[in-house]
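Please have a look at the sequence and the model, and then I will walk you through them slowly.

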Amino acid sequence: MNDLDTLVSDAEREFAAAPTPAELENAKARYLGKAGRVTELLKGLAALTPEDKKTRGAAINQTKQRVEALLQARREALAEAELQAQLKAEALDVTLPGRRRGEGGLHPVSLSIERIEAIFGSMGFAVADGPEIETDWFNFTALNTPEDHPARSMHDTFYVEGGNVLRTHTSPMQVRHAVQHVRDHADKIARGERMPEIRVIAPGRTYRVDSDATHSPMFHQCEGLWIGESVSFADLKAVLADFFATFFETTDLQLRFRPSFFPFTEPSAEVDIAFASGPLKGRWLEVGGCGQVHPNVVRNFGLDAEHYIGFAFGLGPDRLTMLRYGVNDLRLFFDGDLRFLSQFRV
Ligand code: FA5
């Protein structure tokens, strides 16, 4: 083996031993770089006779090409190895099952509110919506609630800036809706014509400083108001009895109107229900308040209290949801635990 063949086989060995492209480039410099072995050989040509220069020069050039070819082959081999490693690392198993996106669903209380709206809708009640930050007038004063009423206390009510409150019940919607209704029919009323009855429900969020198994600081109520010329307490009982039977899909429940007091109704009652059978048999739970609308409130609607009469109620959709699904702590609905909430997905 002459010196040139030795050089080629040295280069081949060193290129093969370079495990990365960077190390291969270092090995290349040792042969083809400025001070590399091939370059040094070319420099040595200067000392030869013209005749020797020709043959030796041609031989060195050939050696250089062989080294370059080896280098190129090794470069390609390294690039190919890198590609294969990358493909292996990023291997896609097309037989794996796809990742499922979490399915959403309505909150159980929202499901109840949808149900409440549908049932009262079938009885001719419109649905109204109103602000959760209320003025003192709508939340208390217009509802005949005196300055010293305990509901106004800091212990019961969340006050916000400007003397406004997070509404403590949906009853302010009685006034807001009735005042608008009276305004809409002012011409008729002025002419002494019959005003269309007010028949509305207003579901929504309400707030009180309350927290136990049947009370949450943020909860829901659904107000109901029916005002006409001869709407009686008997109508109130019939409407609520009908509602509960439809909501719970059973006539196997007892309804109790327990005498109570609200400043905005007279007479007033709390509504309790109990199931005559099933897991909740015999347990009474208060689900709302109700009564004949107080004449002072009818006047605040802008109506003649001698002429217009009717009833109002405020139901607790959270409590209805507890009963419907047999849940014993109402706060579970608002903890945001998906393991609990997803059980109600329909
Ligand atoms: C009222 O809020 C009256 N505005 C209801 C009313 C309307 C009476 C119209 C007359 C005419 P009460 O405070 O009882 O009443 O609340 C009504 C219902 O809301 C309760 O029966 C209960 O079901 C629900 N409720 C009250 N506080 C909470 C609470 N902290 N968490 C969950 N539900 C509640």
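The largest cavity in this predicted model has a volume of about 30 Å³, and a search of the whole structure finds one cavity of 30 Å³ or more. Its lining is made of Met-173, Gln-174, Val-200, Ile-201, Ala-202, Glu-223, Gly-224 and Leu-225, and the elements that give two or more residues to that lining are helix 7 (172–184), strand 4 (198–207) and strand 5. If we sort the lining of the largest cavity by class, we count five nonpolar, two polar and one charged residues.

The largest pocket has a volume of about 790 Å³, and of the 39 residues that line it, the closest to its centre are Thr-168, Arg-208, Gln-221, Phe-262 and Glu-286. Which elements give two or more residues to the lining of the largest pocket? They are strand 5 (218–228), strand 6 (253–262), strand 7 (265–275), strand 8 (285–293), strand 9 (309–315) and helix 11 (317–325), and strand 8, with five residues, gives the most. By class, the lining of the largest pocket holds 13 nonpolar, 18 polar and eight charged residues.

The second largest pocket contains about 160 Å³ of space, and it is lined by Glu-103, Gly-104, Gly-105, Leu-106, His-107 and Pro-108, together with Leu-338, Leu-341, Ser-342 and Arg-345. Here the classes come to four nonpolar, four polar and two charged residues.

Is Thr-145 buried or exposed? Its relative accessibility is 6%, and because buried means under 20%, Thr-145 counts as buried. Leaving aside residues up to four places away in sequence, Thr-145 touches Phe-140, Arg-152, Pro-263 and Phe-264.

Helix 1 (3–17) has 15 residues and reaches 21 Å from its first C-alpha to its last, which is close to the 21 Å expected at 1.5 Å a residue. In helix 1, the buried residues are Leu-4, Leu-7, Val-8, Asp-10, Ala-11 and Phe-15. Seen down the axis of helix 1, these buried residues fall within an arc of 160 degrees, so they line one face of the helix. The face of helix 1 turned away from the buried side carries the exposed residues Arg-13 and Ala-17, while what covers the buried residues includes helix 2, helix 3 and helix 4.

Helix 2 can be read in a similar manner. In helix 2, Leu-24, Ala-27, Tyr-31 and Leu-32 are buried, and because they cover an arc of only 115 degrees around the axis, they are on the same side of helix 2. As for their partners, the buried residues of helix 2 pack against helix 1, helix 3 (37–44) and helix 4 (50–89).

Methods. Residues numbered from 1 in each chain as written. Predicted model: local features only at pLDDT ≥ 70, side-chain atom pairs only at ≥ 80, totals over all residues. Heavy atoms only, no water. 1 Å grid on protein atoms, 1.4 Å probe; cavity = no way out; pocket = protein on both sides within 12 Å on 5 of 7 lines; lining within 4 Å. Points joined across faces, edges and corners; volume = space filled by probe spheres on them. Helix = DSSP H or I, 4+ residues; strand = E, 2+ residues; numbered from the N terminus. Nonpolar A, V, L, I, M, F, W, Y, C, P; charged D, E, K, R; others polar. Buried < 20%, exposed > 50% of the residue type's maximum accessible area, 1.4 Å probe, protein only. Contact = heavy atoms within 4.5 Å. Arc of directions from axis to C-beta. Expected span 1.5 Å × (residues − 1).
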